[in-house]
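Thanks for taking a look at this one with me. Here are a few notes to read alongside the structure.

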Amino acid sequence: MDSLHPNRSNLEDEEEMDTKPLKHDDSAPTSSPSWFTPKRLLSIFCVINMINYVDRGAIASNGVNGSLGTCTDGGTCTSGSGIQGEFNLSNFEDGVLSSAFMVGLLVASPIFASLSKSHNPFRLIGVGLSVWTLAVIGCGCSFDFWSITICRMLVGVGEASFISLAAPFIDDHAPAAQKTAWLATFYMCIPAGVALGYVYGGLVGDYLNWRFAFWVEAIFMLPFAVFGFVMKPLQLKGFSPIESKTSSTSVEIASPVIEDSEVSDINGHDAVRVEGIMAQASDKGSESEGAFGIMNRFSRFSEDMKVLLLDKVYVVNVLGYIAYNFVIGAYSYWGPKAGYNIYHMSDADLLFGGITIVCGIFGTLSGGFFLDYMGATISNAFKLLSGATFLGAIFCFSAFCFRSLYGFIPLFSMGELLVFVTQAPVNYVCLHCVKPSMRPLAMAMSTVSIHIFGDVPSSPLVGVLQDYVNNWRETALILTSILFIAAGIWLIGIFLKSVDKFNEGDENEVSTVEKANMKPLLGGNRNEMIDDPGEA
């Protein structure tokens, strides 16, 4: 859009974002509420993201996760509490439970990313949120370790569509000068949601029962799952409208059938013969889709994966993110329990939740705004990632060396503030080092990688480490040292040749002719759609 209007100021862009409704996929119904603007889209996605991560924090809270029953040498025993106490889980099983949803995420993320090329992404988000809602209800109804583990896996399946598709939507509709700030606002919901989950889980577990925590989450997510189906779907940059693809395919299939058919005009039977031909074309189209559709999608997926794996910038970015997430994932799950044991915090859920929510919000937002101020480039993003992570690691490591709680709190807070600066820059690199049509897959594989190699193994491995050393301080120091590795990996990215591909041409881009043939949306006109292709 900026390339077609080089003289338009950033202020005018922001004003348009506030008042101009989003453009939608033309294959949807014609009616759509005029209030559905980019900022409201951002707000809706932020709330959904918040609920996702409230669930992550809640299951890690002492109120929901609980603890095993204990017995003293004198024979006095106390009953266990929460999930761990009710199902009598070891620390390893408890760690597996926190990571179980990643199995569903691993399997479903590439599938949803691939389906986004043949199905409208907004509808896929609706499907995913519906699965998430049902799975969370199942968590509250679970009766043993395996039943809740399977439900947590399905939670990952439901989340997969949202995490791979939401960021590209935001990146498309954010003002050019504030893209990183908008991404920061979205990713701010991760630490804020986890922290709120600590507090929420602690309160619900103490005053009601850990099962209610999951049921209430499902109630809050249900309206957004319905919203994904009833709203007029949006179109992502780099993808042709779904209706256009379908029509094109139908014409290609129907043409040879008509050429090989003899149409009779005797006694007015033309219409009957044409109907037969079109039915035959439809049947052949269905057979063709069934026979070759899966193979074509798999072939395209393999080609796209090869492109990602050969992209040095993308690989370095994700490797650093894996090391970073290994630490953050273990912090988020074991943090309250470690704090309770090291510093004898009676209110560890509230304290860790408070520190995380404040530092997470300010750190994530600061990272986005600071990168926009520096100049949102891939090289500057790597500089910010490496520097902030290195300094954050120093503060966090120093914090766990202190014996006093009053020394720990300020140092750990400063460390978390710096560590959370990375959220917007790391996802900016992921979105802008690939072509627009590759963004859903890039986000999906990034998310899968940081979880399957990061926080999936970190929670159970930290549990095993703690069972071995039986010292939470040593465990925390060993874990924190991995942040230095993440900083070193991102440092390499500064010296790589990088190109921002956000505006790079793509074979799947909607052409100007196709845009001219699309119906104007929300009362707009054709000229407006042609003049503002970036809005489509």
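1. Let's begin with Asp171, which forms a salt bridge with Arg439, their closest N and O atoms being 3.5 Å apart. (A salt bridge is a side-chain nitrogen of Lys or Arg within 4 Å of a carboxyl oxygen of Asp or Glu.) The pair links distant parts of the chain, with Asp171 in helix H8 and Arg439 in helix H19 (residues 439-469), 268 residues apart. Asp171 and Arg439 are buried, where buried means under 20% relative accessible area with a 1.4 Å probe, protein chains only.

2. A word on the source: this is a predicted model, in which local features need pLDDT of at least 70 and side-chain atom pairs count only at pLDDT 80 or more, while totals for chains, interfaces and linings use all residues. Residues are numbered from 1 along each chain as its sequence is written, and side-chain values use heavy atoms, leaving out hydrogens and water.

3. How many salt bridges does the structure hold? There are three. One of them joins Asp55 and Arg152, whose closest N and O atoms are 2.7 Å apart. Asp55 lies in helix H2 (residues 38-60) and Arg152 in helix H8 (residues 145-173), so this pair ties together parts that are 97 residues apart in sequence. Helices here are DSSP runs (H or I, at least four residues), numbered from the N terminus. Both Asp55 and Arg152 are buried.

4. Glu159 also forms a salt bridge, with Arg56, at 2.6 Å between the closest N and O atoms. Here Glu159 in helix H8 and Arg56 in helix H2 are 103 residues apart. Glu159 is buried at 1% relative accessible area, and Arg56 counts as buried at 14%.

Notes
Helix = DSSP H or I, 4+ residues; strand = E, 2+ residues; numbered from the N terminus. Buried < 20%, exposed > 50% of the residue type's maximum accessible area, 1.4 Å probe, protein only.
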